[in-house]
Amino acid sequence: MTMIDHFKSGFSRCIRSWKGILIIWMLTLFLVSILALPLRAGINSVLGKSMVTELFNNGINIDVLTDFDKSLGTILSSLTSGLSVILILGFIMNAFLSGGIFSLLRTREKPSASVFFAGGATNFLSFLIITFISSVIIVLLVILLFGVPLIIMSAAGQPQEGAVFKTGRILALLVVLIIPVFVLIADNARAWQVSNAGKAGFHSIGKGFSLTFSNFFFSYFFMVILLAVQILFSLLFFKILSGSHPVSGGGVFLLFIISQVLFVFKILLKTWRYGSISSLVESRVIQRKDMAKPNYEI
Amino acid sequence: MGRLIFSILLLLTFTGGSYSQTVNRKVLSARLTGYKIDATLDPVAKTVAGKMEAYWVNNSADPVPDLQMHMYLNAFRSNKSTFYKENSVFDKTEKIDFGYIEINSFTDIYGKDLKPGMSYISPDDGNPEDMTVLLIALPEPVRPGDTIFIIIDFKSKLPALTHRTGFNDDFFFVGQWFPKFGVYESAGMRFATKGGWNCHQFHYNSEFYANHSVYDVKITVPKEYVVGSGGLLLNEEDPGGEGKNKTLTYRAEDILDFAWTAWPGYAVYSDNWKHVDITFLAPPERKGQVDRQFIAVKSALEYLDEKVGPYPWTHLTFVDPPAKGQGAGGMEYTTIFTSQSAYKIPESIHIPELVTVHEFGHAYFMGILASNEFEEPWLDEGVNTFWEQRIMDHYYGENSGFLDHPLLKISDKSYSRLSYVSSEGRQLVSNSEYSWNYPHGTYGMMSYFKTANVLYTLMGIIGEETTDEIFREYYKRWAFRHPSGYDFIDVVNEVVTRVHGNKFGPDLNWFFDQTLFGTGLVDYKVVRFLNTRVSSFKGLKMETDSLLPESGEYKKDSLYKSTVQLERPGDVMLPVDVLIHFDNNDSIPETWDGKARHKDFIYTGTRKVDWVKIDPEYKIRMDVNFINNSYTNSPDRIPVSSFTNKFIAFMQFFISFISL
């Protein structure tokens, strides 16, 4: 199969899994709202009946933030604590949700919420291990490849001005080129895990490595294309949101709708990536005959 | 008689150069001091060997029995100096590369040895280890009107560059490097009740005070070094052949200080503005910032020239030190100053421009209007910061003078207000303190930011035109002299009275006493407003501020008594504008003198108040709380809701991102 075939397969699997996408959207919205709604209430409480919010019409206003005084410290402190908890919960929740979505992508049955939740539960621990280890590897990679050389350069003497900056750019490029490899390993591991639920997460990671390097250049460029689409969409996402300054209640509501539609589309792109990888893994497995018969028609 | 003739001839020879107007179009100052220095840099030993001929003119009515000179570099002589003792951050046990000035010989022009009369004094704190003020007891007093000439052979050892002057590797910034006369203040000058030297020790939180002088300086450096200075380059002598050094001859007139820099890595760029030749020295890697820097300095030249007074010199040099020279960054020496930048700093971050504009501004507020930076740092730093903010917000955006990024814009004056309002030490001390007496790290906030906000508040009360008129008059009256803070306030009082009559009282001392020299806060608050339905018009007592229609019957249910309640939680009493808006779109501008703790405005009519604003244009920048300056029953929640929606979306995105 060609790359295009896998992309098409991934897309059709993705569309079939629309229920899972909606579940992911709702749960993520709920989780973030736990933090966002009290934050909004806190800010409104500080502002009271003041008209100083007119200074926000052009964006964040330092004069107003200055006048939050001690309240700003309280809000920021709560926000920081809340963010930490939300991020950890989100990370864990996404292990469950990605297990569910991978199950939907690979199932022969009609994709349903029950398949989603069953798959999420079955694969939760393995997916958590796979995602955690992959994330740790990426972070360590960034530190080793990017941070350590720069620290050594800076400490070793007085490098020519700009040398550290230029070296940093090269190292950053290197890191950017390497990260898709580890994302690919994680996706391969997860796709394989779903069809081998009895196996441990570490075993799946090993399979992820072997699937990645069995046809490396094909897989690598496959993943680069998928990630490039996601990155471009992300840039569009940020541009649209950061440039929006609604001036009416209707505008605020429209902003909410648009932002959520964009996020759903983001999940859809990610699911498409998962589906495409699943298609690629299945074709490899059929060729290698080292896996149980896939439970989805390619 | 012979000695008299000899003195006159020497004076003419020495100062003949002074009055030859080699550099400036005319003599700008009294030139009570002059320096002729031959300096040789030894980049290996990190020393500058100097031979200096200098003079001081006693223009007072006192016979002066001694001289006092600043030996600023001795502040870096040991960690027992006043400078280091006052630096709580500095580890007293740390070994650093110290700096000092050593006097090898000190004579008068007849060769009489003056060294026996030398002693170090500590007029500020009595620290016997501090050697930054040198007293020279003279064999004969300098009579009123006389001039004393001295010849000093000295060696300056430059310190490791941590505080403006010194070296780092092959980079040198040489400031405060030679023995420098203090200022003799005769009775009646500034705060002096009797004649005496005003010559303070070098403190961690202090700058400088000197007379406008003439400088003839020859600097000898290795050939590969590029030199920049506050003088005009008259000659460059390169003996050629195997000679390793070159000698540059500079002359500067009517400036307070002579500083210079040398580094082999400088690239030199030139531009000009009207009569001013501008030289910019920077690392070649920062070539991309050259245009930004020239635009910044020319904007400052244009603005100050128009609103304050002409820039009188024909030359200006500014330096963007390399990364290893950042300890020298952000400092002024009149016709040379240092900016501060970094490689590839984005154009949205206006720090290079801000530092350039600020340090150039000191050419006016310090260089021309030569206040005593030791005793009244606000008059230099604060006034200059006020002008820096006006320039930045004028040329780089009213809301983006400091930062101009699509996601966040910050004006320079907002950044300044943030620094003042958020400081916990804002009420610890007033601006009447000497610079080294500001406690707990409050020097910067008080001298720079509080003063700038005081001046913005003043401008908010009296208007921008009157403010500009004040500074034009201040420049006209005090250029190339030593004004005190009260001299500045006298100009304010005079101009405000001339323009506004008695609108603000006989003078504005009440303003400065509370804001600059007081420790109180400014805070005004709209408590609330009430619209009470009035059941019957008959027998209604007319209240002040009412706006009853002229005549007519009223329906029983259409008449309201509206009461607007204002408070002054802050201690400072300032007149403020109040804008009261009604539901039929009428607005009434009021003024409250701010003296009482509370004030009510009462209106009776068919209209109801729907919002109230104190200081609707946010001109009282010292107000520590803009949030309570307004009140409405229908607050606009849209910005916060919009922010929340974006926050939700970004958080959803980020959670999805981190889980691969």
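I count Ala, Val, Leu, Ile, Met, Phe, Trp, Tyr, Cys and Pro as nonpolar, Asp, Glu, Lys and Arg as charged, and the others, Gly among them, as polar. I am working on a predicted model, where local features need pLDDT of at least 70, side-chain atom pairs count only at pLDDT 80 or more, and totals for chains, interfaces and linings use all residues. Residues are numbered from 1 along each chain as its sequence is written, and chains are lettered from A in the order in which they are written.

**Entry: the contact**

I looked up the contact (heavy atoms within 4.5 Å). Chain B brings 57 residues and chain A brings 73 residues. By class, the chain B side has 31 nonpolar, 14 polar and 12 charged residues.

I then checked salt bridges (a side-chain nitrogen of Lys or Arg within 4 Å of a carboxyl oxygen of Asp or Glu). I found 4 between chain B and chain A. One of them joins Asp63(A) to Arg417(B), with the closest N and O atoms 3.4 Å apart.

**Entry: the largest cavity**

Next came cavities (on a 1 Å grid over the protein atoms alone, sets of points where a 1.4 Å probe fits but cannot get out; lining residues have an atom within 4 Å of a point). I noted 6 cavities of 30 Å³ or more. A volume here is the space filled by probe spheres set on the points, which are joined across faces, edges and corners. The largest cavity has about 150 Å³. Its lining has 15 residues, with Ile24(A), Asn94(A), Ile267(A), Lys270(A) and Ser656(B) nearest the centre. I sorted this lining into 7 nonpolar, 7 polar and 1 charged.

Notes
Side-chain values use heavy atoms; hydrogens and water are left out. On a 1 Å grid over the protein atoms alone, a cavity is a set of points where a 1.4 Å probe fits but cannot get out, and a pocket is an open set with protein on both sides within 12 Å along at least five of seven lines; lining residues have an atom within 4 Å of a point.
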